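Hi everyone, thanks for coming. Let's take a look at today's structure together.

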Protein chains: 2
Amino acid sequence: MKTSLMCMECNIKQVIKLSKLLNISKEKQEVIIKKIFKELSEVSFEKSNPEIMGSITWKIITETTNNKNPYKEIKEYYNQALLDVFQDIKNVVLTSDDKFDTALKIAVIGNVIDFAARHKFDQNTVFEMIEKINEIDFVIDSRKELIDQLKNCKQLLYIGDNCGEIVLDKIFIEIIKELYPNIKIYFGVRGAPIINDVTTEDATQVKMDEVAIIISSGTMFPGTILEKSSDEFKKIFNTSDIVIAKGQGNYEGLSDIKRKGLFLMLLVKCSYIGDNIPAKVMDFILKENKLKS
Amino acid sequence: MKTSLMCMECNIKQVIKLSKLLNISKEKQEVIIKKIFKELSEVSFEKSNPEIMGSITWKIITETTNNKNPYKEIKEYYNQALLDVFQDIKNVVLTSDDKFDTALKIAVIGNVIDFAARHKFDQNTVFEMIEKINEIDFVIDSRKELIDQLKNCKQLLYIGDNCGEIVLDKIFIEIIKELYPNIKIYFGVRGAPIINDVTTEDATQVKMDEVAIIISSGTMFPGTILEKSSDEFKKIFNTSDIVIAKGQGNYEGLSDIKRKGLFLMLLVKCSYIGDNIPAKVMDFILKENKLKS
């Protein structure tokens, strides 16, 4: 989906966040934002915001500050924070009436951990949401289609989104493996650090390689921009019977691709994406993004 | 005070607000924001944000949409909404133990009505705040200095901020006139419509001319940029024994001018201005902006 005015605000918010995080001087802030404004004044709004964020905003900030991975400690912290409660959450899944459905919902709950978007993450938010898991309903609900297709699935690509969240993705993938042991599972990550998005390094921290083959997009976008991804990533994307793409960034990159088996799974965090789906902020979405038959 | 990254975000927010209000097409939004980005990429951050907002963001939006006064109806609505309760609020003042102090506090409460800044205005906010008026404390408190100086004041310039709010300014000015009948009072307004700021037309709607001589800054800035104001405005500013400047826009424009009798009166609405004062968001401020002796 195309970028928008609201996305421009989010780009500026990211500069503000990083300026605080990295204690960037006022003089350097001015240099950075002006470079960004210059490029934004010339970019095509046909592009999706993850592409603009990666190729302009993030690139300029990280190059100007000479810091390629400013969220490194924060990403590690959230990965570890969720790893610390891995077994507790896994037990919630294992003792539930429907392991698949509970693990799926918890994976979407994990999408609340996102430093890029508008909503703040509170350490307790995940647990509070899990307590109310029975109240969760999917506003767009392709769970039936996903379960149907898993039965005959040979290869699945699960594209991750944010650190911390990936621990909950891992639990869901474990349940998929348990129920459908013959599926070859890939876990898609970003090709380079961008915001709090998962990279190979981050996925390795949570031992995602125990349950899936980690595959990098080959790009530094906080979302999946398929045409710019590596040939290997594209091949896996195209040959997978099922693709589960987590979060807003992957939604923004993939929402214009209509195909059977492409499941966009997210918590809606901003009204611009909400309007596109259509859904409201904080709605749960599992949308098979195929052409309407 | 200089502009900042956070002010840039507020500029973008204003474009988003106006795009919704005027139902601007996505294509035109892109044209507008890119023109703005181009100019912001070249402007000096030594300037205050009201100057940037007026000379770049607001100018480009209103010229591109050919609409010089997009908040016209909203401004009239808030003026009338507050006029409708004028006598009720005046009675609160007249029946209070300290008319001057109550009217002053209510004038600051009126500063909550602001479409430009980060906090949303709820119709009941003013009344809820008036109910709790006894709990209000000034974090920076030059009330004693103001009262002392009013005793010998011959000329007072009261620089308004937003529509709606000006009705409460009028009540305060009425009380000043009652207590100090010999003061010549000017009411400063913007030289052209900008956001919801008061112009001569808006001041006339609330009959401000009954209590003060209306004087325009001669500029289209949502704040007082003295060096760019008309000679007449500058003369009145410089010859007034007391200047009371309401709101953040006037604070941003005037905070670097240190002189006896310049009182900056506002409710803090953003942390950037808060840090400059220093104070917190929603703090009440009455600051005589003189050189420390």
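Before we start, one term: I'll call a residue buried if 20 or more other C-beta atoms lie within 10 Å of its own. Please also keep in mind that this is a predicted model.

Let's begin with helix α6 of chain B, residues 99-110. This helix has 12 residues and reaches 16 Å from its first C-alpha to its last, close to the 16 Å expected at 1.5 Å a residue. How many of the residues of α6(B) are buried? The count is 9 of the 12, so α6(B) is largely enclosed by the rest of the structure. Among them are Thr102(B), Leu104(B), Lys105(B) and Gly110(B). And what covers them? The cover includes the helices α5, α7, α8 and α9 of chain B, along with β6 and β7 of chain B.

Now over to chain A, and a pair of helices. The axes of α2(A), residues 26-40, and α3(A), residues 49-65, come within 9 Å and cross at roughly 150 degrees. Angles over 145 degrees count as roughly antiparallel, and therefore that is how we describe α2(A) and α3(A). Their crossing is right-handed. On the α2(A) side, the contact includes Val31(A), Ile32(A) and Lys35(A), while α3(A) brings residues including Ile56(A) and Thr57(A). The residues of this contact divide into 7 nonpolar, 2 polar and 3 charged.

Last stop: where the two chains meet. Chain B and chain A each put 18 residues into the contact. On the side of chain B, α1 and α2 each supply at least two residues, and the largest share, 9 residues, comes from α1(B). That side divides into 10 nonpolar, 3 polar and 5 charged residues.

Definitions and conventions. Residues are numbered from 1 along each chain as its sequence is written. Chains are lettered from A and ligands numbered from 1 in the order in which they are written. This is a predicted model: local features need pLDDT of at least 70, side-chain atom pairs count only at pLDDT 80 or more; totals for chains, interfaces and linings use all residues. Helices (H or I, at least four residues) and strands (E, at least two) are DSSP runs, numbered from the N terminus. The expected span of a helix is 1.5 Å times one less than its number of residues. Two residues are in contact if their C-beta atoms, placed from the backbone, lie within 7 Å. Axes are lines fitted to C-alpha atoms, for helices over the stretch in contact, and angles run from 0 to 180 degrees between N-to-C directions. Angles under 35 degrees count as roughly parallel, over 145 as roughly antiparallel, 65 to 115 as roughly perpendicular and the rest as oblique. A crossing is left-handed if the near helix is turned anticlockwise from the far one by less than a right angle, and right-handed if clockwise. Ala, Val, Leu, Ile, Met, Phe, Trp, Tyr, Cys and Pro count as nonpolar, Asp, Glu, Lys and Arg as charged, and the others, Gly among them, as polar.
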